[in-house]
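This report is meant for someone meeting the structure for the first time. It begins with one local detail and then widens to chains, contacts and cores.

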Amino acid sequence: MNAATQRVDSARLGWTIACLVAAAAPHLANLPPWPMALMLLTILWRIAAQRGHRQLPGVVIRLLLALAGFAGVFVSFGTITGLDAGSTLLVVMAALKLTETRSVRDLIVLLLISYFLIVTQFLFGQSILVALYSIPAIWIITTALLQVSSPAVAMPWRRAFSRSGLLLAHAVPLMLIAFVLFPRMSGPFWAVPRSDNSAVTGLSDQMDPGSISRLLESDAVAFRAVFDDTPPPASQRYWRGPVLSNFDGRRWSIFQENDRELLPDSVSRAGDPVNYEITLEPHHRNWLFALELPNPAQLPRKTTMTADRRLLRSDPVTHLYQYRLESWPENIADASARRWTLSRDLNFPAERNPRAQALVRGWAESASDPADVVRQALQLFREQPFHYTRAPRPLDQRHPVDDFLFSSRRGFCEHYASAFTLMMRAAGIPARVVLGYQGGELNPFGRHMTVRQSDAHAWSEVWLLGRGWVRVDPTAAVAPERVELGVAGALPAGEGLGLFRSSAWLRQVQFGWDALNNGWNQWVLGFAREEQRTLLRALGMKRPTVRKMLLTLIGLATVTLSALAGWLMLQSRPAAPDPLAILYRRFCRKVSTIAGPRKPGEGPLDFAERVATARPAIATEVHAITRQYLAARYFPDPPERCVAELRRQVGALRT
Amino acid sequence: MVRSRIRAWARRRQGPDGEQLRLASRRIYILPNAQGIAFGFLVFGMLMGALNYNNSLGLAVTFLMASLALVAMHHCHRNLSGLSIRFAGDTPAFVGQKARFKVTLINDSAAPRFGLTLRRGAYVTESVHLEPGEHVTLSLEVEANARGRLPIDRFGVFTTFPLGLFHCWAWIHPQWQSVAYPKPAPPGLEPPPQQTDTGGANDNTRGDADFAGLRGYRPGDSPRHIAWKAYARGQELLVKQYSGTDVTSHWLDFEALDQMGLEARLSQLTRWVIDANSEGHAWGLRLPGQTLAPDLGPAHRDRCLKALALL
């Protein structure tokens with residue numbers, strides 16, 4: 001009767017199949033469907049074999065299936081390593097293993113694979129829903145492990161669930177201790193391959209007409225921010241991301257040389273700082289978002305500030321990433337820069353968009369000062385019939401800015417930013433496009449601000465002599481509500497952003513859910529090296545080191561396990577006998593001088609008969625006591641008077 | 001080699017056990033089994049993956065699994081800790097067969113115990129669950145290799161419950177004994193003829209085998225004495241009793257078989273005892289220094305076989 005030889009019975013097989021299905025089902029969302037179909041096939045095959053309708057496949061067919069599985073993975077992904085291919089392979093192997101389950105040990109291997117499948121599922125997503133799903137899944141697998149590995153007859157399923165639930169409940173405190181205290185690494189052991197099919201929505205490092213309005217479709221969260229004090233007003237919530245200085249007449253892109261570091265003395269300080277923490281969703285890019293103007297002295301680890309004031313991280317953000325910043329909203333950079341250092345922010349292809357260039361050259365000649373040109377351009381947007389819309393008509397490929405300014409006049413923020421920046425450059429004013437997010441929704445439950453992909457925005461910065469780089473948002477000239485109310489408030493009727501943005505109570509639900517997600521991100525998913533050390537310091541550990549954390553972990557785990565062992569030890573003590581048993585035992589002791597002790601297996605009636613025969617003089621008393629004892633025994637909770645009567649009778653017995 | 005040394009160490013450490021014992025914690029051993037080691041590798045793989053991907057949920061599940069194993073270890077240990085074990089009798093066997101030792105497992109604690117199994121050498125009993133207050137009797141087989149007293153020098157009680165990740169066991173070194181009866185000689189040699197007890201032989205009024213009434217059937221009664229007619233009428237199994245002072249019996253005499261060796265004599269006597277019992281004859285047994293008066297029935301048979309075994 002050992003696991004290697006014990007044959008598979010239907011109950012154990014059923015438990016195992018249920019676990020495989022529970023563990024593999026979430027992968028339907030992440031992986032191609034064919035491994036799941038294969039698993040379904042082998043499950044049906046295995047069930048048919050269990051019922052005797054069909055043979056399990058022989059070694060040749062199994063080998064062919066395994067080869068086909070490998071080939072399938074290779075065809076699907078072009079590799080058999082990496083997250084997606086690896087997970088698919090795991091599902092395929094589990095499906096194939098099912099066709100050679102002959103002993104209980106094979107079933108146990110499948111259950112261990114099921115546990116592993118649950119964990120691989122987290123590599124694709126760690127939302128609250130995924131976590132909630134995994135709790136019953138782990139419970140089922142643990143119950144199955146209990147049932148399958150038990151050599152005795154399987155328990156009723158309700159009982160098995162309660163036993164495994166007890167085990168899991170006992171394991172949870174230990175898990176929490178380990179989760180808080182297990183030292184987190186600062187980086188991966190080996191390169192983490194980016195998920196192949198992760199079509200991440202988010203800002204890219206270039207902008208052409210339509211690239212931002214596409215993001216409007218996405219309600220996905222870009223990041224969440226928690227402010228130490230009052231959040232800045234809506235007009236200051238410009239979260240800067242990539243800065244685009246290259247223009248080819250249609251498309252704006254990053255100027256790579258701007259990656260060099262900012263000179264600290266080119267920043268002047270003014271006003272009050274804003275302190276905040278951002279939890280950035282993975283966007284697989286190097287840049288971080290920040291309000292104007294981050295304090296270069298207090299940057300997150302492995303992050304630099306570039307000459308154009310982007311925050312650049314050495315590694316792409318592939319996991320939820322938390323960082324703290326201090327920003328000086330009234331700060332100005334490069335106020336003292338020379339015009340010639342800004343020459344790259346004046347370039348544009350002269351042969352494209354000629355009408356726009358001509359228009360602006362007229363302004364520049366008459367204007368006394370560059371700020372005047374800026375005003376004129378904004379005035380153009382404000383006074384001419386320009387419209388803010390998410391669905392403008394496609395623009396001319398060769399001269400898109402001309403087409404927009406003189407003909408279409410309908411556009412989204414990228415159209416306005418692009419046209420405005422080009423106009424400034426044509427007028428000889430250094431200008432560039434900035435991508436980022438504008439706005440953010442303050443969550444009434446969580447005190448945090450949620451910034452979504454649909455808040456993506458593009459605006460301009462112009463360099464003015466004596467003032468440095470100044471932010472100009474041309475979209476605000478056309479649709480001032482965009483800045484104050486967000487996209488949904490600024491778009492014309494009929495271009496709304498879906499259900500959630502309209503209904504009041506649904507909005508409340510959304511706020512609550514978002515607050516929950518924020519807490520989840522901050523306390524569970526974003527619990528990395530820095531957060532761990534901060535929490536441990538707050539809990540009273542001075543200067544947390546890996547050694548200290550491990551020692552504390554071992555210490556606390558020992559205490560917890562000792563408490564469990566103590567509790568279990570109490571349970572293994574003999575149960576306290578009830579008063580009836582004590583009285584009856586006293587009776588047996590009293591009469592043992594007559595007929596010897598009661599033999600094992602001798603019932604009270606037989607014993608009474610034996611005693612009465614041996615000493616007829618007390619037969620009446622002996623039988624009365626036995627009757628009284630047996631009568632009381634049949635009450636689940638014997639009444640006090642029965643016990644009292646028995647006590648009196650036993651006390652009165654004289655041998 | 002190592003194994004036998006460890007066992008010898010455990011025996012020295014624990015000392016011999018009595019008729020009844022309660023398993024104390026200090027004599028319960030626990031180690032991960034193959035499944036537990038596989039589980040350990042699984043958790044290690046999960047830990048590496050979760051750390052590498054800096055995956056919080058992955059880490060949480062990894063820690064949950066590791067904790068689960070540790071908790072299961074304590075639960076597994078508790079399954080045995082405080083279990084009472086009692087000798088509940090034995091079934092002797094002839095040499096070459098297997099004697100049985102009945103062992104009662106008693107759970108007098110307030111919590112259930114699961115998956116308890118007894119093992120002696122390669123012989124493993126079924127495994128049982130015990131609710132609070134329950135007890136169950138299992139039997140262990142012991143090869144009867146040589147005539148005489150048959151001790152069960154050691155057996156184990158083990159469990160892998162709850163998750164099958166740990167093997168938790170205790171060694172018991174009882175002083176219990178059964179008996180190995182001599183191996184019966186092959187049938188063939190005729191037993192000595194029946195003798196009639198002369199004590200009441202003259203009372204001929206009732207003849208050789210007078211019917212004297214019926215009594216209830218007891219296991220071991222000869223089938224030819226069963227009152228089949230009464231049984232066919234729907235009555236219970238009854239046995240016809242014959243009375244009379246003319247007790248006819250075989251006298252099986254050790255000294256009469258003087259042309260054989262000791263073991264052969266005992267084997268032959270054993271054969272005759274078995275045959276006489278199954279045929280319903282009465283027999284008496286004369287051994288050096290010991291005489292068992294003529295009687296019949298299984299109890300008498302066992303007495304005689306035991307006397308033969310221990311000679």
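In this predicted model, Leu293(A) sits in the loop that runs between strand 7 (287-288) and strand 8 (303-305) of chain A. The bond that joins Glu292(A) to Leu293(A) is a cis peptide bond, with omega at about -25°. As background, most peptide bonds are trans, and most residues other than glycine have a negative phi.

Two residues of chain A deserve mention for their phi angles. His284(A), in the loop between strand 6 and strand 7 of chain A, has a positive phi near 60° although it is not a glycine. Arg543(A), which lies in the loop between helix 16 (529-538) and helix 17 of chain A, likewise is a residue other than glycine with a positive phi, near 45°. His284(A) counts as exposed because it has 12 C-beta neighbours inside 10 Å, and Arg543(A) is exposed with 8 other C-beta atoms within 10 Å. The table sets out these backbone details.

| Site | Backbone angle |
|---|---|
| Glu292(A) and Leu293(A) | omega about -25° |
| His284(A) | phi near 60° |
| Arg543(A) | phi near 45° |

Another arginine, Arg324(A), is part of strand 10 (residues 321-327) of chain A. Since 15 C-beta neighbours lie inside 10 Å of Arg324(A), this residue counts as partly exposed. When neighbours within four places in sequence are left aside, Arg324(A) is in contact with Glu277(A) and Pro300(A), while its C-alpha atom is separated by 9.7 Å from that of Ala290(A), a residue 34 places away along the chain.

Of the contacts in chain A between residues at least 6 apart in sequence, 73% join residues that are at least 24 apart. Its domain assignment gives domain 1 (10-154) and domain 2 (579-652), and the C-alpha centres of these two domains of chain A lie 61 Å apart.

For chain B the assignment gives domain 1 (2-181) and domain 2 (194-200 + 245-310), with 44 Å between the C-alpha centres of these two domains of chain B. Their contact takes 6 residues from domain 1 of chain B and 7 residues from domain 2 of chain B. On the side of domain 1 of chain B that touches domain 2 of chain B, strand 9 (148-151) and strand 12 (177-181) of chain B each give two or more residues, and strand 12 of chain B gives the most, with 3 residues.

How many residues of chain A are in contact with chain B? There are 51 of them, in contact with 47 residues of chain B. Helix 5 (104-122), helix 6 (128-149), helix 7 (157-181), helix 15 (504-525) and helix 17 (546-572) of chain A are the elements that give two or more residues to this side of chain A, with helix 7 of chain A giving the most, 9 residues. The residues on this side of chain A divide into 40 nonpolar, 9 polar and 2 charged.

The buried residues of helix 15 of chain A are Asn517(A), Asn518(A), Asn521(A) and Leu525(A); because they cover an arc of only 110° around the axis, they are on the same side of helix 15 of chain A. On the other side of that helix, Ala504(A), Trp505(A), Gln508(A), Val509(A) and Trp523(A) are exposed. The cover over the buried residues of helix 15 of chain A includes helix 6 of chain A and helix 3 of chain B.

The largest nonpolar core has 116 residues, and those with the most contacts inside it are Ala94(A), Ile141(A) and Ala72(B). Helix 3 (residues 56-80) of chain B gives the most to this core, with 15 residues. Apart from this core lies another, of 76 residues, among them Leu280(A) and Val434(A).

Definitions and conventions
Residues numbered from 1 in each chain as written. Chains lettered and ligands numbered in written order. Predicted model: local features only at pLDDT ≥ 70, side-chain atom pairs only at ≥ 80, totals over all residues. Domains from an automatic or database assignment. Contact = placed C-beta atoms within 7 Å. Helix = DSSP H or I, 4+ residues; strand = E, 2+ residues; numbered from the N terminus. Nonpolar A, V, L, I, M, F, W, Y, C, P; charged D, E, K, R; others polar. Buried ≥ 20, exposed ≤ 12 C-beta atoms within 10 Å, placed from the backbone. Core = buried A, V, L, I, M, F, W, Y, C linked by C-beta atoms within 7 Å. Arc of directions from axis to C-beta.
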